[in-house]
Amino acid sequence: MYLMKTVRTRFAPSPTGYLHVGGIRTALFAWLVARQAGGQFILRIEDTDRNREVQGAEQHIIDSLKALGLDYDEGPDMPGEYGPYRQSERLDSYKTWAQTLIDSGRAYADPYTPEEVQTFREEAQKAKKPFLYRNHRPENPPEWDGTMPLRFKSDPKSHTWQDAVMGERHAGPEVVDDFILIKSDGYPTYNFAHIIDDHEMAITHVIRGQEFLSSIPNYLNLYEALGFEVPILATMPHILNEQGNKKLSKRDGAKDILDYFKQGFLEEAMLNFIASLGWNDGTTQEIFSRQELIKKFSLDRVQHSGARFDEKRLEWMNGHWIRDLNPSELYQLCESFWPQTASDASEDYKKQVLGLVQERLKYLAELPELTNFFFEDLPLNMGLINDNKQLKKLSHDELKTMLETAKASLEQSDFSQDDLTEHLNQLLEATGQKPGVLFSLIRVATTQAPFSPALADTLHVLGKDKSLARIDQQLGALA
């Protein structure tokens with residue numbers, strides 16, 4: 001249908017709060033469709049629900065898209081020939097099309113009060129029938145003067161349509177009703193405004209969440225009444241919570257997408273993870289670069305069922321992208337994540353530390369916890385010995401003797417990685433201990449941390465003086 005047209009997709013959020021992965025996934029899929037086809041991706045702000053609007057939310061939307069590198073070709077801050085890009089600035093257009101529907105007999109003023117409409121609902125409920133407003137159409141509605149809601153006069157009929165994700169869909173006339181086009185405050189409803197906007201902005205693909213699926217028959221009815229061509233419709237399945245038993249929502253703790261960046265999740269990892277929520281390319285591949293996503297993405301590979309949000313998988317994926325960084329790239333990204341005690345350390349020293357923990361980092365905000373012992377002497381923590389499955393079996397005298405033997409050997413080392421490895425292996429022979437016992441004791445003594453990188457590498461970066469001084473402190477505690 002759209003082979004001769006430039007592909008134009010849009011992301012049209014309401015400025016009612018922060019964005020979480022559900023909204024961002026819709027934006028990402030629309031962006032991928034546009035970029036793959038060499039088309040345009042548009043940002044439109046649907047700000048017609050004035051009561052729910054949150055100050056600063058529009059800028060937050062823009063910041064979220066930019067953080068993920070989802071560049072748009074037109075938007076509120078990037079005017080194009082199809083603007084304006086805020087619905088609140090397009091009111092004249094909606095009134096013009098509303099008048100067109102009035103003139104053709106397809107819209108009428110709603111004279112009822114909200115209380116009267118509620119009475120109709122309750123009557124239908126008592127009769128155990130679905131409430132349909134069209135059953136209560138006024139016989140002689142007043143002329144619409146803008147002070148009353150304006151309703152669409154539907155044509156109840158069956159509709160069959162093709163959804164680019166869900167396949168062929170069908171709905172009977174019983175779901176088609178007279179819905180509000182323009183509210184009494186003069187602002188259009190979403191049901192009306194988005195159809196006008198998409199038509200006037202030449203949108204070819206409407207990609208949105210599953211919550212709108214039941215409304216599509218009404219939209220199709222309105223497209224016909226207006227004489228508009230129906231764009232390609234693509235319905236995204238829900239993103240489910242970690243338990244997989246309900247839709248992920250802000251009420252259930254879905255995080256602001258920008259919070260992930262504050263924690264040190266990488267742009268490419270976030271893109272990769274969000275794209276995988278309900279989509280795959282038909283292979284076992286899990287790691288996709290931005291360019292691979294653009295090349296391989298297709299709406300017909302989006303699954304019909306909900307996609308479970310798994311933060312552990314996001315952490316695994318982010319860890320992969322962190323390990324893929326070269327030392328200079330990682331160092332630049334870590335600038336704001338170092339522990340405060342690292343402020344006086346040299347760039348070379350911090351790069352050495354990063355080299356040791358890069359394999360273990362799942363997100364950059366873990367950096368202080370994993371590296372603080374490289375920059376400060378942590379308090380002696382005998383719990384690290386007393387709670388260790390192996391070390392707690394030995395008396396303090398046995399541990400002290402073992403640690404004195406280790407110190408004497410390490411004093412002879414030049415503290416290069418190779419020499420340290422050799423001395424540590426010799427210590428295993430000399431003491432007859434397992435690495436899980438001997439190396440754990442030395443690690444606790446030199447780091448006061450429950451985990452550390454490979455022991456020889458850790459000692460090498462800490463240096464001889466600091467390592468031996470910390471062993472002396474531990475010996476004092478054992479004595």
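This is a predicted model: local features need pLDDT of at least 70, side-chain atom pairs count only at pLDDT 80 or more; totals for chains, interfaces and linings use all residues.
1. **The H15–H17 crossing.** I'd start here. Helix H15 covers residues 396–410 and helix H17 covers residues 435–447; their axes come within 10 Å and cross at roughly 80°. Since 65 to 115 degrees counts as roughly perpendicular, that is the word for how H15 and H17 sit relative to each other.

2. **What meets at that crossing.** From the H15 side, the residues in contact are Leu399, Met402, Leu403 and Ala406; H17 brings Val437, Leu438, Leu441, Ile442 and Ala445. Sorted by class, this contact has nine nonpolar residues, no polar ones and no charged ones.

3. **H15 on its own.** The length of H15 checks out: its 15 residues reach 21 Å from first C-alpha to last, close to the 21 Å expected at 1.5 Å a residue. Its buried residues are Leu399, Met402, Leu403, Ala406, Lys407, Ser409 and Leu410. Around the axis they cover an arc of only 160°, which means they are on the same side of H15. Do note that a lysine, Lys407, and a serine, Ser409, are on that buried list.

4. **What covers H15.** H17 is one of several elements over the buried residues of H15. The cover also includes helix H14 (383–386), helix H16 (417–431), helix H18 (455–462) and helix H19 (464–478).

5. **H4, inside and out.** How does the span of H4 agree with its residue count? At 1.5 Å a residue, its 13 residues should span 18 Å, and the end C-alpha atoms are 19 Å apart, so the two agree. Val117, Phe120 and Ala124 are buried in this helix. Looking down the axis of H4, the buried residues fall within an arc of 50°, so they line one face. Over on the other side of H4, Glu115, Gln125 and Lys126 are exposed.

6. You'll find Lys128 in the loop between helix H4 (114–126) and strand S4 (150–152). Is its place buried or exposed? Lys128 is exposed, because its relative accessible area is 78% and the cut-off for exposed is over 50%.

7. Ala202 is another non-glycine with a positive phi, of about 55°. Ala202 counts as partly exposed, with 30% relative accessibility.

8. **A cis peptide bond.** The bond from Gly83 to Pro84 is cis, with omega near 0°. Pro84 is placed in the loop between helix H2 (57–67) and helix H3 (91–103). Worth looking at in the viewer.

9. Val54 is in the loop between strand S2 (40–43) and H2, and at 37% relative accessibility it counts as partly exposed. Beyond its neighbours up to four places away in sequence, Val54 touches Pro15, Thr16 and Gly17. Tyr18 is 36 residues from Val54 along the chain, and the C-alpha atoms of the two are separated by 9.1 Å.

10. The loop between S8 and helix H6 (216–226) holds Glu211, which is partly exposed at 43% relative accessibility. Setting aside neighbours within four places in sequence, Glu211 is in contact with His238 and Lys247. Glu211 and Asn241 are 30 residues apart in sequence, with 16 Å between their C-alpha atoms.

11. **Ser249, a buried loop residue.** Ser249 is in the loop between strand S10 (239–240) and helix H7 (257–262). Which class does this serine belong to, buried or exposed? Ser249 counts as buried, because its relative accessibility is 14% and the cut-off for buried is under 20%. Leaving out neighbours within four places in sequence, Ser249 is in contact with His20 and Ala254.

Note on methods
Residues are numbered from 1 along each chain as its sequence is written. Side-chain values use heavy atoms; hydrogens and water are left out. Helices (H or I, at least four residues) and strands (E, at least two) are DSSP runs, numbered from the N terminus. Buried means under 20% relative accessible area, exposed over 50%, partly exposed in between (1.4 Å probe, protein chains only). Axes are lines fitted to C-alpha atoms, for helices over the stretch in contact, and angles run from 0 to 180 degrees between N-to-C directions. Angles under 35 degrees count as roughly parallel, over 145 as roughly antiparallel, 65 to 115 as roughly perpendicular and the rest as oblique. Contact means heavy atoms within 4.5 Å. Ala, Val, Leu, Ile, Met, Phe, Trp, Tyr, Cys and Pro count as nonpolar, Asp, Glu, Lys and Arg as charged, and the others, Gly among them, as polar. The expected span of a helix is 1.5 Å times one less than its number of residues. The arc is that of the directions from the helix axis to the C-beta atoms.
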